[in-house]
Structures are given as structure tokens and as C-alpha cells.
Amino acid sequence: MIRHLLSGADLDADTATQILDTAAEMAAVAGREVKKLPALRGRTVVNLFYEDSTRTRISFEAAAKRLSADVINFSAKGSSVAKGESLKDTALTLQAMGADAVVVRHPASGAPHRLADWVDGSVVNAGDGTHEHPTQALLDAYTMRSRLGRLAGLSVAVVGDVLHSRVARSNVLLLSTLGAKVTLVGPPTLIPVDIAAALAPGTDVCYDLDAVLPSSDVVMMLRVQRERMNDSYFPSAREYARRYGLDGPRMGRLPEHAIVMHPGPMNRGMEITPEVADSPRSTIVEQVANGVSVRMAVLYLLLGGNNR
Amino acid sequence: MNSYLIRNVSILGAAPTDLLIRDGVVVETGTGLSASDATVIDADGLVALPGLVDLHTHLREPGREDAETVETGSRAAALGGYTAVCAMANTSPVADTAGVVEQVWRLGREAGLVDVQPIGAVTVGLAGERLAELGAMAESAARVRIFSDDGHCVADPRLMRRALEYVKAFDGIIAQHAEEPRLTEGAQMHEGEVSTRLGLTGWPAVAEEAIIARDVLLAEHVGSRLHICHVSTAGSVEVLRHAKARGVRVTAEVTPHHLLLTDTRAETYDPVFKVNPPLRTATDIAALRAALVDGVIDIIATDHAPHAVEDKECEWAYARPGMLGLETALSIALDVLGPQWDLIAERMSRTPARIAGLTEHGHDPAPGAPATLTLVDPAARRVIEPAELASRSRNTPYARMTLPGRIVATFLRGEATVLDGKALK
């Protein structure tokens, strides 16, 4: 098993499949009356969050607690971090407290890589800047596999602000490793020209959402910040929604079995309409539940479910 | 003054000869020389070069003496074979007045290891809004001739035009940090495949090339001298080639790191590889090397940029850009160019001395020339250990790399500043 999970590229097909299989076993625990396993008793998991992200933090917290780990939530706000403590000093502090795993969310790309140089425990990237969010990709893959029964050969459209999306990067890497075909869709300003070469050579880019929908098994809508229009990435929120938002009629162009995903939080009316978000094709709530199972699997395997 | 008899030295790769230094000048060369009063240096296997001249050095004093001082930077320079360095203006306070440039100049004289030639800021506080008192700096004891807002681009085209015109009165030169600011907002590394993969905001090559293109046209229009700092892209080379063919009075420098390291170094997110302009691609490196050989790029300049540990031991986006260069530049040049000693002397000593107007520098060791030279052991190979560097900072990108060549001795006007690879003060 790998020691850290920093990038979707850290996972080969076997390791990723092992995590998804383990997550399925963890999901069974969630159905029990007592939703707890003793696997990580006596181990300490630190949630180190430099950005507000309640949903990701509580997902990791629930995962660690269901495995009986001791959980410390270290929020950068109102802590020594807010007083200007460096990431390295924080790392040494966590090290001294005996953190077995550090789950880190950080606005700077690569911060988890730096942290991994400074702590002995495992580092899990819970989202770093505009880089990656590998557990999101794992839970997305898990969701696709449970809805559609497979990953190999699936056509997945990832739609929106690919340039700034850590979810997109991790998904492209992981889905390609697992044999799915990814098409990135959005305005050219928000899709780096060399993204396929950078991440996975088989990746396609298309600027026309309507052209991609009929052949997609999965449509993954990315959150698009309205403020991007102030940087001229697109003219207005309205035009963005018109060209790249997923509404009812567009959803109708999808094949019968296709699913609609969104990593949340959604901008309803921007990239996705309520009609789509709340439809039976939408897996958005499922993704949240699956997130806990996948994060349980990641923590369990990294912390030596099978290697210590 | 001391006298030195350097035995069996190869001047710029020529057959070994003896070289006698007395009263600050080379008095004699030839085989079998003797001088009873002279300190004898066995230079068997060593190559003598004119003392190196760096057109682009950050000495950090005044303001960031925790990162470097004029003295520690001078020592690093001497150990790197340099006899003169041009100190960039982005200190705190900024070197935008006669008072600050004279202070830096005086500190250099006191350190006495290399000639420290201050560069003056083009605009007040490097703010890019109005001209600093360029004439006052030119007339000061520091006799400033090169002006640069390095670290910032003189982005306003009208201000750039005026600066180019104004310094003609005292044969000044504007050294431009070519970086279109709107195209590089938040930029962290070269824009390309690697930045896309790493999720770091890109610094596109066009942001450099567009400014160089504009400025060579401005320089042509007003007939002024322009120097381009740290050229980093293949496209910039083409713009410069075109401008030189038209007869524009433009010169250009490339740094050692842009000749050797690619943007893939960012993959570790270790900010020791963060620099501005950023490390580029292998294609750019090939073009820069070719341009250095054919003369489209005139010189190697280090952009020696010391930074305190806390400014580098952090997240990539929060780190300050820049890397050390003085103590490794000649080794990189040897690695890149091989033992083409005349070319190395041209790119690292004669031409930078001429651009900077440092008339006492850049002379090949020969009878009558100032004894301002350095002795290199080209056969030596050394492993770069950051802790062993003389700079006060440790941000070398070459840590634990094995590089060719070692500076054995450096002389400034006949006085040894380095002997046996050790600084004498």
C-alpha cells in the first residue's frame, strides 16, 4: 500500500480497485445499527484544514470515527496558524503529538506534498489549491461503479471550470487509470490546451456540451464560481449557464442509463438546474454517503489495515 | 602590494606558461619566470580567465541582511571567480537615490572582495510610476550606468520610452525585467503541461516575449541602449535575433539555471526551484544554449537571489522567487559549453564588463593588463552542499548535484581574494 495519498496519480489500477472494494465493505458497516469498527483504535487522525470545507471535514471525521480512531480537528482559523505559524512548524507540532495520519485541505497547490516531507505519518490530500482532490475522485469512481456496474469503457464528461478544478484533475487521472474515457467540456478559457498531455493522453476536449451528451454514461458538473466572469473567463453567468449549464432539456439528450454527478457545493441555476440536481439520475446525495465509505477505506489501508 | 608568480597556468586554454603579477598588473608571461619576492602558486592543470563580471546580482543590503549582505555576497562572488558584480536595486530602501547607491558602493569597497557596481532603479520605489533621479545616481560616487526595476517590469510603455531616452545623456542603459504584468497575475511557474498537472498558475512565455518585442522597437525608435535581463524562452531568442539583425542596440543575458533546469523541477513543490522568470522547457533550454553560442544572447548573468530559509521552506505559492548563482555559475557554464574558454571569457567577463562600462574588468591576462583574473581547475568535480556555500542563504537549486570545475584562486587588481579555494577575507 502507498504511504500517502497526494494525487490520483499515486494510485495504480490495483490499488485503486482495492480501495473501492474495501469501501464497499465499509459501506456495509454504515447499514448496521452500530456503525463502528475497531480497526484504528489508538491511532490518531488529524484533520488540518486551512480552508473552510465543512462537508469534506465532516466526511473525513465520520470516516475516522467509524474506524475508532482518535480525531483532532485543527482548523487554521483562530489557531496558531492564523497567527502566522508556518506549515512546517505546524507539521512539527502534529508530529510531536503523534499524528498517524494528517488529512490536509489547503488553498496552495502542493501543500500536502510539502507536509509529507515533514511528518512521519500518512498525509491524505483533502484538496489542495487548484491541484487535486484524490478522495473525491475515488468516491466519484465508487459512485459510478455502484450505479453502472463498471468503470472500464465508460464515457465520462467532466463539464465546467477544469482550469481551476482539483476535482477534475484527480478524476481525469483516476478514471483513465481505471479504463474510463474522459471528455472535458467547457469554454476554452477554462480548459488548459495541454491538459491531455499533462494528465492522461487519451483524454478528449470538447467545447460543445450538446455534442457530448448523447454518448455520455456519466456527466460530472463542476462548480463554477460566478466571480470568474470578472476575470473574463466568460462574459456572464447567464451566458455560461446557457452554453454549459445542465438543464432538463439537455439532460433529455443523455442515454437512458446515464447519471449526473456533482461534487458539491452546487450553484443551482449556474452549472446545474434544480430540476436536474433533484432528478433520479442525480447521484449527488449518494456521493456524500459514498464519500464516508471511501475515506474509511483510504484511512484503513494507509494506516495499515494490511501493512503494519 | 603582494607579488604572485603563477606557474604553469593555461591562459584561456593555451599552452602552460608562467604569469607574474606585481603592483596590480600582469607584468610578464612566459616559461621559466622567476621572482624572488613573489608568492609562488603552482597552477599545473589550471586555466586562467579574466575575472568574471556579473551583471545581475542581488546582494539584499540594505534591508534583508538576514538573507545576504554586500560582504557575504562579495565573498560568494569571489569564490565563484567573479571580480565585479552589479548589485540590483530592489533593496529596502530601494536603490533609487544617490544616497542608497553610494551606500552600496561604499559597502562593496569596504568588503574589498569584488568591485560592487550598484544598479539604480528606473522608477521611484520600483513602483513603475515616475522616473527616479537617474542623473543624480549617474553623477554620484557610484557612477551608475545601468538602471533596472528588476523584479518588476517597467510595464508602462510611455515611461519605458522616456527612461530609454533620458539615460542617453550619460550613456546609460535600461535593463528590463520583461514580464507583462497582467499576463502573469498570480503566476507561479512556466505555463505548460507541468503547470497544468501541478495546478500552479502559469507564467506564459508570451508575457516575456511581448515586452521584449515592444522594447526592442522602442529602443530602435529612440536610438537607445536596452538590455534584457534573464531571457528564458525560445520565442524571446527569436525576437532578439530579429532585433539585432535590424541593428537595434540591445544586449541580453541568460542565467545559468535557465540553461540547465526545466520546469519539471517544480514537481516536488520545493520552492527552491521557484524563480522569476520561471524554469522553462527543454526546447527553451536548447534555444538559449544555441543563442549563447551564436551571440544572440550576449552574456551569462547569475540573477543570484538569496532568500532566508523561512521564505523558501513553505508552500510553493507563498515562497519568494529566486535562487543562488554566484558560486556555481562557472560550473554550469562549463557543463553547458564545455571547455570553450574564449567563449566563456566572452560571455562571462569581457562582454558584461563592456555593457556595464567597467573598464578595469574583462581583460585577458597578458602583460600590461590589470591582474584581475581567476584560476579554474576544470578537471575537478564537486558535489554542491548548500551548507558549504559562502552566501548567507542556502537556496541553491543544485544541492547534492555533482558539477564540473572549481575556482582555485581569484585576483582583484593583483590582490588575491581567493587562494586554494578559500576566501582570504
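A crossover between two strands is right-handed if, with the strands pointing away from the viewer, the path from the first strand over the helix to the second runs clockwise. Keep that in mind for the first stop. The model on screen is a predicted one.

**Stop 1: a β-α-β unit in chain A**

Select residues 101-106, 111-118 and 122-128 of chain A. These are strand S3, helix H4 and strand S4, and together they make a right-handed β-α-β unit. Turn the view until the strands point away from you, and follow the path from S3(A) over the helix to S4(A). The two strands, S3(A) and S4(A), are paired in the parallel sense, with five bridges between them. To find the pairing in the viewer, pick A:Val102 and look across to S4(A), where A:Val123 stands opposite.

**Stop 2: two serines in chain A**

Stay in chain A and select A:Ser68. This serine sits in the loop that runs from helix H2 (54-66) to strand S2 (70-75).

Next, select A:Ser232, in the loop between strand S8 (218-221) and helix H9 (237-244) of chain A. Here too phi is positive in a residue other than glycine, with a value near 65 degrees. Is A:Ser232 buried or exposed? A:Ser232 is exposed, with 8 other C-beta atoms within 10 Å.

**Stop 3: from chain A to chain B**

Show both chains and colour them separately. On the chain B side, 16 residues are in contact with 21 residues of chain A. The chain B side of this contact is made up of seven nonpolar, four polar and five charged residues.

**Stop 4: the two domains of chain B**

Chain B is divided into domain 1, which takes in 4-47 and 367-423, and domain 2, which covers 51-356. Their centres, taken over C-alpha atoms, are 26 Å apart. Where the domains meet, domain 1 of chain B gives 28 residues to the contact and domain 2 of chain B gives 39.

Select strands S16 (373-383), S17 (402-412) and S18 (415-419) of chain B. Each supplies at least two residues of the side of domain 1 that touches domain 2. Which strand gives the largest share of that side? S17(B) does, with six residues. By class, the domain 1 side has 16 nonpolar, ten polar and two charged residues.

**Stop 5: the annotated site in chain B**

Go through three of them in turn.

- B:His58 is in the loop between strand S6 (52-57) and helix H1 (70-79) of chain B. It is buried, with 27 C-beta neighbours inside 10 Å. Leaving out residues up to four places away in sequence, B:His58 touches B:Met88, B:His304, B:Ala305, B:Pro306 and B:Gly322.
- B:Asp150 is in the loop between strand S9 (146-147) and helix H4 (157-166) of chain B. It is also buried, having 25 other C-beta atoms within 10 Å. Beyond four places in sequence, the contacts of B:Asp150 include B:Met88, B:Ala89 and B:His177.
- B:Asp303 is in the loop between strand S15 (299-300) and helix H10 (329-337) of chain B. The unreviewed UniProt entry also gives this residue the annotation "active site". B:Asp303 is buried, with 29 C-beta neighbours inside 10 Å. Not counting residues up to four places away in sequence, B:Asp303 touches B:His56, B:His230, B:Thr255 and B:Gly325.

**Stop 6: two cis peptide bonds in chain B**

Select B:Ser92 and B:Pro93. The peptide bond from the serine to the proline is cis, with omega near 5 degrees. B:Pro93 belongs to the loop between strand S7 (82-87) and helix H2 (98-111) of chain B.

End at B:Asn276 and B:Pro277, which are joined by a cis peptide bond with omega about -5 degrees. B:Pro277 is in the loop between helix H8 (256-260) and helix H9 (282-294) of chain B.

Notes
Residues numbered from 1 in each chain as written. Chains lettered and ligands numbered in written order. Predicted model: local features only at pLDDT ≥ 70, side-chain atom pairs only at ≥ 80, totals over all residues. Helix = DSSP H or I, 4+ residues; strand = E, 2+ residues; numbered from the N terminus. Buried ≥ 20, exposed ≤ 12 C-beta atoms within 10 Å, placed from the backbone. Contact = placed C-beta atoms within 7 Å. Nonpolar A, V, L, I, M, F, W, Y, C, P; charged D, E, K, R; others polar. Domains from an automatic or database assignment. Pairing = 2+ DSSP bridges. UniProt positions renumbered as here; feature names shortened; annotations may be inferred.
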